[in-house]
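Subject: Structure for your review

Dear colleague,

Please find below the structure that I am handing over to you. My notes on it follow directly after.

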Amino acid sequence: MHNKVLAVLAQWVAAVSLVACGGGDPEVAATAQSSQAQRADSPPMAKALGASVADAAPSDLVNQAVNLQDAIAILKMIVGLDVNAGGQPVTPYQLFAADFDGNGKVELADAIGVLKRVVGLDLTSPKWLFFNTASSASVITDKLNPGPPPELSAYIVSSAAAQVGLVAVLRGDVVGSTLNYSWSLGAKPAGSKAVLASATAATPTFTADIAGDYVATLRVTDGSSKSAMATMTLTAGAPKVLAAEIFGYLEVAQNPIPESYNAGYSIYAAAWPLLSNYPGNSFNSGLFGTWMWAIYPEGNPANLGSPTGLYSDIEGGLGWWNDTRFATETPKFIMGGVNYNFNEWANGPGSGKGRDWTEPNAGGKYGVAQLSPWLLWPPDGLNLKQGTNGELLGYGYLPLPLTNSKITTAGKNVPTGDNSWTLFLNARNFKGPVAFFTPYFWSRASVAKPELSGLFLDSRSSDPNKQFAAETHLIPSFLSTDAKGETYARTAPISFPRDANGDAPVLHRPIAYNKSALWDSVKAWFAGGAAASGVIDIRGASEMTYSNAGSSSWTISVAGTADKDKPRISWSSFATPVAINASTYGYRWNQKLVSTNNYDTTASTTLPQYFRSIKNSKGIAEWMVVQASDVPVETGLTILEFKRAAITTTSPYTTPTDPQSSWKKPGPSAGPFSAVLGDGSTVTYYWYRFADQPALLNADLTSQEREEMQLRAVKLHQAWTKDREYLPAPTIGKLADIDPALIVAPPSGFEIGYVPIATRQERLK
């Protein structure tokens with residue numbers, strides 16, 4: 001036997017030497033571009049469709065299939081010679097076949113193992129290796145280290161069926177014997193309709209349509225009576241996909257202006273559907289806006305008996321909130337006034353903290369009073385016209401002297417200022433003042449905490465150098481990990497507006513004002529002087545400019561992850577903040593990583609959806625953009641759908657019905673009326689005398705003080721109509737429309753001195 005081995009070895013060495021005379025590159029071209037396999041270096045799989053294989057009994061056919069030519073081919077791989085005719089690259093099939101001992105490497109021991117079979121020193125039958133072409137496992141990047149074979153795996157996510165492509169590799173059969181294949185699919189999960197396609201092909205397929213076990217059998221023949229058989233069990237299951245969320249801020253950079261411009265601001269913000277499908281009320285994100293703080297030249301007062309110091313501002317704007325009941329893809333607008341440390345907040349007339357009236361002080365729902373007789377404010381937020389996509393909504397807050405300052409508040413020796421911070425809008429179909437925060441909304445906190453007196457917006461000016469940003473919470477995303485432990489993420493499709501140059505303008509013309517812009521003329525008017533036009537005097541304004549800077553703190557993580565452990569999205573890889581012009585801020589995109597969507601009259605840019613967690617040069621995990629084709633199918637991410645949330649029955653907004661409540665006593669003057677909105681809701685409303693509206697009856701005002709306000713409101717209603725310019729006009733783009741159903745006409749006899757007040761909002765039946 002020893003002599004036989006020596007003879008074969010001598011023949012083998014001679015054959016190899018003969019081939020070696022032709023030289024050869026020591027590098028084996030093993031970039032595997034095989035139709036039988038896909039990527040093996042792709043992201044981790046959650047739950048494998050593993051295969052357990054019953055070894056075939058020894059057979060002459062299998063033994064003859066592994067021969068001396070295979071041993072020579074393995075040695076060629078090791079020394080760097082061409083294995084295939086014409087210098088064709090080695091395929092993944094050949095690499096896995098060359099790994100005779102299955103240790104994940106192609107080495108001399110594999111060639112010797114094949115040779116032992118040839119000379120009869122090893123009488124065991126060669127092993128079969130099975131794997132799935134539909135998995136993303138199989139580009140071999142290291143030619144002599146193919147690594148563990150890709151698992152025979154498939155995934156079923158939701159109702160989507162996973163395709164299984166069967167590949168059978170005979171260990172040691174590198175050159176490839178001419179064999180006939182016959183596959184069959186035996187046992188399968190109850191109810192499965194799986195059928196093998198091309199059962200006589202080397203690589204048949206079937207669809208694992210139901211989770212469970214599938215038993216496949218392979219019989220191979222060489223055209224004679226010789227045959228071999230192997231059986232495998234495949235377990236199909238769903239990948240472990242984790243629900244995640246995007247959280248963070250997109251911060252804007254603008255140049256500072258003098259602090260003397262401390263009497264409010266205005267801005268034009270782009271309004272568009274951030275997500276193509278509204279995902280439900282877990283979605284809680286704002287478009288670009290700002291936080292208007294009181295100014296403290298002496299320094300911001302912190303630690304006033306509160307763990308968080310003093311927090312109070314106006315931070316409303318365009319967006320979606322998790323307590324919105326009638327949300328759609330189109331954003332809504334809220335006023336967003338925050339009382340001391342979020343004890344209360346006010347989003348509009350009759351709208352604030354909580355959705356009922358049991359909160360202390362009604363949760364701020366009496367904090368905003370209606371001023372306009374032409375615009376109805378729904379409790380769920382102010383609607384834009386459905387389909388708004390990139391148009392600009394102009395808005396701003398300026399103080400009006402609608403009340404006089406007071407030295408006592410709610411019977412306590414604490415003052416209330418005379419700043420009635422008033423929301424002005426500039427839309428295509430509505431212009432002018434809408435509603436205002438009552439001074440008492442701010443000063444009420446100082447009744448219980450006198451040390452807070454004089455620190456809120458009722459008596460303070462506004463800080464002109466405010467931060468502009470988009471605050472993002474809970475954009476739906478998913479995470480999944482492959483068999484190699486690499487994590488991938490997919491986000492819901494996120495869109496931005498797109499101009500003719502492909503940029504995304506998000507903010508335009510930020511302006512801060514001093515009191516000469518509007519306050520002084522209105523104050524003189526109310527004191528008996530000439531009527532103020534209401535047009536903001538640009539001579540009392542300072543227009544801010546933007547710079548080519550800004551930042552993103554967007555992260556993707558599962559809920560509850562500590563901030564320090566949330567990997568950030570590599571925003572700069574696909575987005576560059578730019579000053580499109582001095583007064584317009586936006587983003588310029590890496591066009592290779594984003595896509596364009598065209599609508600009827602507008603276009604938008606969709607951001608990358610797929611990311612891979614990679615450590616950057618500082619060793620910090622970061623989400624890097626990848627293409628969908630780079631994401632292993634076994635993660636289940638590529639077949640997920642971000643569907644629009646189903647419309648569900650939701651509780652209506654209601655108002656107090658007690659006959660003694662401020663809603664009923666003295667009560668409305670006309671109504672009820674109704675408006676059907678584009679969000680699928682109906683609003684019931686009444687006309688109240690301005691001074692008798694519930695907000696003013698809960699604003700710590702005497703009857704005389706409210707009657708003085710009534711006279712001022714009458715003047716405004718007579719002189720300031722809804723079709724005139726008030727805010728400085730935009731210089732780019734088009735104006736957005738308010739939902740036309742919210743533009744109302746006062747009934748006859750109630751045109752002046754009356755305002756519409758919503759009392760109920762419910763799903764349209």
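I begin with the start of helix α3, where a side-chain oxygen of Asn67 comes to within 3.1 Å of the backbone nitrogen of Gln69. This is a polar contact (a pair of N or O atoms within 3.5 Å; within protein, one must be able to donate a hydrogen and the other to accept it, and residues adjacent in sequence count only if both atoms are side-chain atoms). Please note that the model is predicted: local features need pLDDT of at least 70 and side-chain atom pairs count only at pLDDT 80 or more, while totals for chains, interfaces and linings use all residues. Residues are numbered from 1 along each chain as its sequence is written, and side-chain values use heavy atoms, leaving out hydrogens and water.

Helices (H or I, at least four residues) and strands (E, at least two) are DSSP runs, numbered from the N terminus. Helix α3 covers residues 68–79, and its twelve residues should span 16 Å at 1.5 Å a residue; the end C-alpha atoms are 17 Å apart, which agrees. The expected span is 1.5 Å times one less than the number of residues. Nine of the twelve residues are buried, so α3 is largely enclosed by the rest of the structure. Among these buried residues are Leu68, Asp70 and Met77. Buried means under 20% relative accessible area, exposed over 50%, and partly exposed in between (1.4 Å probe, protein chains only). Just after α3, Gly80 has a positive phi of about 95°.

Another glycine, Gly102, sits in the loop between α4 (92–98) and α5 (108–119). Gly102 counts as partly exposed, at 36% relative accessibility.

A cavity is a set of points, on a 1 Å grid over the protein atoms alone, where a 1.4 Å probe fits but cannot get out; lining residues have an atom within 4 Å of a point. Grid points are joined across faces, edges and corners, and a volume is the space filled by probe spheres set on the points. There are six cavities of 30 Å³ or more. Of its 15 lining residues, the closest to the centre are Gly350, Trp357, Pro379, Tyr653 and Thr654. Strands β18 (351–352) and β40 (754–763) each supply at least two residues of this lining.

The second largest cavity has a volume of about 90 Å³.

Yours sincerely

Terms used: 1 Å grid on protein atoms, 1.4 Å probe; cavity = no way out; pocket = protein on both sides within 12 Å on 5 of 7 lines; lining within 4 Å.
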